[in-house]
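Biologist: I am new to this one. Please show me the model, and let me ask how you know what you say.

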Amino acid sequence: MNVPATCSASGDCARPPLYAILLVSASALAYEVLLIRLFSIIQWHHFAYMVISLALLGYGASGTFVALLRRRLLADFPGAFSFNAMLFGLTATVCFLLAQYLPFNMLEMFWDPAQLGYLLLAYLLLFVPFFFAANCICLSFTRFGEKIPRIYAFDLVGAGLGAVGIILLLYLLSPGNALRTVSAAGFTAAAISVFEQQPLHRWHSALPPFALALIVCLLPGQWFGLKYSQYKALSQTLQIGGTRILEQHSSPLGLVTLVESPQVPLRLAPGLSLNNLIEPPPQLGLFTDGDAPSPMTRYDGNRASLAYLDYQTSALPYHLSTPERALILGMGGGSSILQAEYHATPRIHAVELDPWLPQLLQHSYAAFSGWQWLGGRTTLHSGEARSFVAVDAMDYDLIQMSLLDAAGATSGGVYALSENYLYTVEAIRDYLEHLRPGGMLAITRWVKLPPRDGLRLFATAIEALRESGSGNPANHLMMIRGWSTSTLVIKNGAVESSEIGALIDFCKARAFDIVYFPGIAADYLANFYNILPRPYFREGTLALLGDGASDYIERYKFDIRPVRDDRPYFFDFFKWRALPEIVSLYRRGGFSLLELGYPVLILTLIQAIFVSLLLVLLPLRFLDSAAGGMAGVRRWRILSYFLVIGIAYLFIEMAFIQKFSLFLAHPVHAVAVVISGFLIFSGLGSLCATLIPAAQRHRYLITAMALLCLIAGGYLSLLPPLLDSLGNPGMPMKVAAALLLIAPPAFCMGLPFPLGLSAVAGVCPQLVPWSWGINGCASLISAILASLLAIHFGFNSVILIATMLYLLTIPLYPVATGDTAARP
């Protein structure tokens, strides 16, 4: 039988299937990002942490699986690789479609034990695809130990391409069609591995995976339809008779749905005063990811039809002054624009993250939205609100932000783990710098009881005013509340008595409660219209402005500390000491007091540690007897080494996403650029590791880690002013600058893993899959732990911890006992 020189008679080639590895890695990373988007739509976005843990758990379990069945799997490496790639393609679609039909509701998890079972089943289903993808990589490391740096390079570069590729794909395809594309890519990787690994006369082995890829692409589109949680606003709205979806637009920014209800008219006017007697005009409903409803209201040029908008708390600043130029951050369906139009504001600028919404108002539904009357004085901008303000050269009389999230999701605490840069001290300072003298910043939020975000916003505003040079922040603040919304007004200048009078008249006419104005008495009209058990908001604002503010913040049952860019978790209010009281009250309605995001993250971390210990320790019992060279290798050194680099890598990667979010003007851009940049440049670092002689590996590791620590430490102080100095050069230049800054640390971070795994392969090949599994389990813990550390100490602390962990790789470098060949 004639076979190529690089292949054995069994068809097992002596070269790894590098291009199949690249495609499998790209597909797995794309699937991970896609699952985050899919769960944002059918559940809520905080499931991102579950998805990340699922992916990394699959990689950890893969190491255990291959370590235990190493001989059997390597007996037919080409077949095992191809089969696992095919199983990834199959399960990527099937497991998600099954998981979304589970009757899981996160909001019931703390009183319905069955929900924990459904969550576990979802974990098991979604863990499976990542397990099969990781098997492909782990098998390659185990089979080709001498080529580990090259394999790891293709693995990382593929993952980097997958990160940016899925973002681009989501601009072109719906999430369902993107899912089938990822699935087809898995089958295609299996086919490519056949061509790379098997003799040419066995090319027909590639036909089944190619056929499956084609079948997936031809399946009916309704098979990939998404099933929304019944508790999301869109699901509830669609239960109204006659309701129908007019249009739907998908992108990485979100799935936007436009809904009409002709039989039962939609009435979306958040926080509308109970004194309002004016019926809103016909409305369409805009939903983002099935939630956060925003109205698109019909406007025919008759301002009187918009009078109901003057009965919202957000209308307050128009009664305190007459703005000539207003900036609306987060326009949604355009209600804030119509509110400014009702008050005859001459120039209106509105910013919206999703560019499709301005297109709706200006073109597709221009007749309905009244653009012919609005267009003359209104300018729409597409972009992230904070980034827009940072580069905007204009000054305004009014900057307004109203209800940029869903009421239900906020009350459930599902945004607790979401970084938000709109409500930080630095953000408010930026807004104030764009106000003309006497101008006002108005922020409207949902009322939560007991007060949380309202008081945190007030505390953040006080800190921002102090840092802006205000000697007495109390003179710049006003706040009111209705039955469901509150509005905080921050003035660029001292509040005048005429403005206080206007505020009192505004509240009395609309039955809104006055929370604060300069000089207010503790009992003045406190808790007068929308009565609470105690005047919580009045007490809180006066305490935050008093001498004992720090003590009040410390004693308060929720975390209401001012929020900063380095710790941008505005919606995380959880305090451990309040948990026993909340749990004792949960059967009497105390569940609403629990911020779900943080406890769920803690539970996920505990689960991750337990599973990781199981996956890491289980193989040792079998490896002790199988690994002949085990006595020469300190296994706990190997464990520590790969644990450290697994934790440190994700620490730095997640921190840099935060560092570049504002500079790249969009969170989606930041995720795509930073993740792909780190992975690709780390891949190049791994590729260069192939050139390092075995005897010099430890010396090069020392150099790389020292350089990494110098760069990361320097970036802590130099990166913010450096990014600010670049200004707004345009997105292509921003991406190029970000990649240039990412390249040095990422290159260094690409060296420890292949150098360490190559050392293990040279001494004891049986431990290669175990080492891979340790790294995966460490990454699983790292993704969760980094968020917890950032919540408490900030992202700068996360970077500092990561640099110290990387320094530990120097003494932990895995070499055989007494082996000096690998030492300098």
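Biologist: What makes strand S2 and strand S3 a pair, and in which sense do they run?

Modeller: This is a predicted model. In it, strand S2 (residues 254–260) and strand S3 (residues 283–288) share four bridges, in the antiparallel sense. Pairing needs at least two bridges, so the two strands count as paired. Within that pairing, Val256 stands opposite Thr288 in S3.

Biologist: What is the order of the strands in the sheet?

Modeller: The order is S1-S2-S3-S4, an open sheet of four strands with antiparallel pairing.

Biologist: Why are S1 and S4 called edge strands?

Modeller: Strand S1 (244–251) and strand S4 (291–297) each have a single partner strand, so one side of each has no neighbour in the sheet. From one strand to the next, the twist averages 20 degrees.

Biologist: Which helix lies across S1, S2, S3 and S4?

Modeller: That is helix H12 (residues 356–364). Helix H12 runs at about 135 degrees to S1.

Biologist: Now to a single residue. Where is Leu309?

Modeller: Leu309 sits in the loop between S4 and helix H10 (316–320).

Biologist: How do you know whether Leu309 is buried or exposed?

Modeller: Its relative accessible area is 2%. Buried means under 20%, so Leu309 is buried.

Biologist: What is Leu309 in contact with, leaving aside its neighbours within four places in sequence?

Modeller: Leu309 is in contact with Ala315, Ser335, Leu338 and Gln339.

Biologist: What separates the C-alpha atoms of Leu309 and Pro270?

Modeller: A distance of 9.6 Å, with the two residues 39 residues apart along the chain.

Definitions and conventions:
Residues numbered from 1 in each chain as written. Predicted model: local features only at pLDDT ≥ 70, side-chain atom pairs only at ≥ 80, totals over all residues. Heavy atoms only, no water. Axes fitted to C-alpha atoms, helices over the stretch in contact; angles between N-to-C directions. Contact = heavy atoms within 4.5 Å. Buried < 20%, exposed > 50% of the residue type's maximum accessible area, 1.4 Å probe, protein only.
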